[in-house]
Amino acid sequence: MKYLCLIYDDESAGARMTKEQGEAMMADYFAFTDGIKKSGHYVAGEALKPTNTASTVRVRQGKVSTTDGPFAETKEQLGGYYLIEAKDLNDAIQVASRIPSAKSGSIEVRPIEVFG
Amino acid sequence: MASDAAGPGDAGNPLNNDADERAREQIGAIYRSDSRRVLATLIRLLGDFDRAEEAMHDAFTAALDSWPASGVPDNPRAWLVSTGRFKAIDRLRRGARFDAALAGLAEQIEASVPPAGSVEEDGLEDDRLRLIFTCCHPALSADARIALTLREVCGLETEEIARAFLTSAPTLAQRIVRAKGKIRDARIPYQVPSRTELPERLDTVLHVVYLVFNEGYSASGGDSLTRPDVSAEAIRLGRLLIDLLPEPEAIGLLALMLLHDSRRAARTSPEGEIVLLDAQDRSLWNRQQIDEGVELVERALSLRRLGPYTLQAAIAAVHAEARDSAGTDWTQIAGLYDVLMRVDPSPVVELNRAAAIAMRDGPEAGLTLIDAIFARGDLADYHFAYSARADLCRRLGRTAEAIAAYERAATLTNQAPERRFLERRLAELRALHS
């Protein structure tokens with residue numbers, strides 16, 4: 001079964017990191033990604049640019065409206081994701097708990113809907 | 001049982017009716033003692049809660065049809081599991097006319113497990129643990145865990161659970177449906193956690209049992225202080241858990257529940273009013289529960305991994321062994337709270353520790369500690385914190401302060417006997433003050 005692990009963290013804390021802290025974080029992520037590739041869990045994963053690059057699009061009464069930024073102000077922002085293949089939710093939780101940002105932010109684990 | 005009775009055609013025969021009646025009674029007894037075990041195994045075999053419940057009811061219906069004539073089989077549980085499984089496969093096949101996917105599912109279930117191996121005793125006990133851990137999975141909401149555990153593990157009816165938790169039956173039923181939906185859709189596995197996951201997962205299970213007990217022991221709202229049936233159910237769950245998984249904290253929790261429950265008869269007056277620990281008639285305490293609780297505490301303590309339930313049980317055991325409040329070993333109790341503060345610190349533990357220190361060193365010392373908690377902004381909405389402060393002020397003769405704190409406590413409690421107790425204290429103090 002596929003699960004999407006959505007990584008939420010305080011992006012301003014990321015911006016305040018020293019060069020060394022930033023590099024250590026990247027190294028943790030590389031090691032984690034390698035690990036889940038070896039274990040067969042990895043399907044896909046990307047980091048996102050910060051929310052100040054985000055646009056929100058809606059269509060109301062046929063009219064497109066585009067606004068700046070994410071929908072709601074929250075303490076933690078979506079910063080990236082992994083799509084994983086896991087045996088069940090316990091397996092997915094084990095993987096999610098090893099995502100480096102789980103230590104500072106939070107990971108939302110959602111099963112992927114299969115149609116048909 | 002003799003199987004010489006003839007078929008259903010002889011139902012008019014009074015001898016046959018006797019056999020019928022006996023078989024029905026036996027089936028009823030087996031339902032009460034074993035239906036949860038049968039269900040737990042069927043959930044594993046069929047991979048779905050609803051399908052398993054339906055299969056279990058089909059199996060018991062089949063037993064009612066055939067046992068009066070054929071006699072109760074040697075291993076009724078095994079018979080019920082394999083009958084339920086066949087009935088489920090049957091239903092799926094019949095459903096396959098409308099939904100082709102069900103045929104594949106029926107085949108898969110039929111092929112997956114040799115029925116003989118599926119009903120060995122060991123397997124059955126594992127299934128009950130699987131059921132407990134699944135119902136108490138941390139990915140389910142706390143409310144859902146309690147509802148699902150009482151429904152599936154304890155076999156309570158939705159209406160009973162709703163009454164116990166002062167919610168409506170439809171709300172509760174919906175909570176259970178949603179939880180089962182999440183188990184299915186997010187694929188929460190039907191398994192006992194691995195050794196590495198066990199401590200965290202067991203905590204969640206113990207917490208569910210503890211919340212159920214507390215709801216029965218100190219109801220969060222409503223007209224009466226306690227709801228004994230709910231506590232009895234929690235104690236039953238606690239016993240089941242240590243049979244299946246004798247971990248120190250599971251033993252500690254059972255001890256804690258028994259020791260608290262032993263005071264039940266003394267906690268309320270015949271008029272339903274609260275009687276505090278220091279004023280309780282200790283001859284009303286249940287000695288049998290105390291003896292069992294103390295023995296369990298000793299067993300848990302000997303395992304040398306001190307957790308919060310074991311420590312609280314040890315505190316309750318010290319109370320249980322004291323003749324009266326003055327004869328209580330408050331030094332030992334304060335010491336146990338010190339350890340509890342290290343193992344599982346919280347403002348509530350700190351409050352209880354302050355109350356024990358007040359008994360050991362006098363009200364002044366306790367009051368200083370309670371005021372330090374308030375000064376930090378903790379427990380600002382916790383009625384017990386205000387009634388504890390009020391009690392110490394009362395003992396120090398600081399009547400105006402005691403009145404203010406009792407008044408605050410009374411506005412914060414949702415429980416009628418609790419409020420009446422506080423108002424009685426207030427009336428006494430106001431008489432003194434005027």
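A residue is called buried under 20% relative accessible area, exposed over 50% and partly exposed in between (1.4 Å probe, protein chains only). By that scale B:D378 is partly exposed, with a relative accessible area of 25%. The model is predicted, so local features need pLDDT of at least 70 and side-chain atom pairs count only at pLDDT 80 or more, while totals for chains, interfaces and linings use all residues. Residues are numbered from 1 along each chain as its sequence is written, chains are lettered from A and ligands numbered from 1 in the order in which they are written, and side-chain values use heavy atoms, with hydrogens and water left out.

We can start with chain A. Three helices and six strands make up its secondary structure; helices (H or I, at least four residues) and strands (E, at least two) are DSSP runs, numbered from the N terminus. In sequence order the pattern reads β-α-α-β-β-β-β-α-β. The C-alpha trace of chain A spans about 50 × 45 × 20 Å along its principal axes. Chain A has 116 residues, of which 28% count as buried. Taking contact as heavy atoms within 4.5 Å, 76% of the contacts in chain A between residues at least 6 apart in sequence join residues at least 24 apart. Chain A exposes about 7,900 Å², and 57% of this comes from carbon and sulfur atoms; accessible areas come from the Shrake-Rupley method with a 1.4 Å probe, and for residues only the protein chains shown count as cover.

On the surface, A:V57, A:V59 and A:V64 form a nonpolar patch with about 280 Å² of accessible area together. Patches are made of residues with over 30% relative accessible area and no salt bridge, like charges being joined within 9 Å and nonpolar side chains (Val, Leu, Ile, Met, Phe, Trp, Tyr) within 5 Å. A:V64 belongs to strand 4 (residues 63–68) of chain A and, at 55% relative accessibility, counts as exposed.

In chain B, helix 17 (residues 363–375) and helix 18 (residues 383–395) pack at an angle of about 145°, their axes 9 Å apart. Here axes are lines fitted to C-alpha atoms, for helices over the stretch in contact, and angles run from 0 to 180 degrees between N-to-C directions. The contact involves residues including B:L367, B:I370 and B:F374 of helix 17 of chain B and B:Y386, B:A388 and B:L392 of helix 18 of chain B.

Salt bridges come next. Side chains of opposite charge can pair when their charged atoms come close. With a side-chain nitrogen of Lys or Arg required within 4 Å of a carboxyl oxygen of Asp or Glu, the count is 36 salt bridges over all chains. One of them joins B:E247 and B:R195 (3.1 Å, N to O). B:E247 lies in the loop between helix 10 (228–244) and helix 11 (248–261) of chain B and B:R195 in the loop between helix 8 (169–185) and helix 9 (198–217) of chain B, so the pair ties together parts that are 52 residues apart in sequence. B:E247 is buried, with a relative accessible area of 15%, whereas B:R195 is exposed, at 60%.

In another salt bridge, B:D381 meets B:R408, with the closest N and O atoms 3.8 Å apart. This pair links distant parts of the chain, 27 residues apart: B:D381 is in the loop between helix 17 and helix 18 of chain B, and B:R408 in helix 19 (residues 399–412) of chain B.
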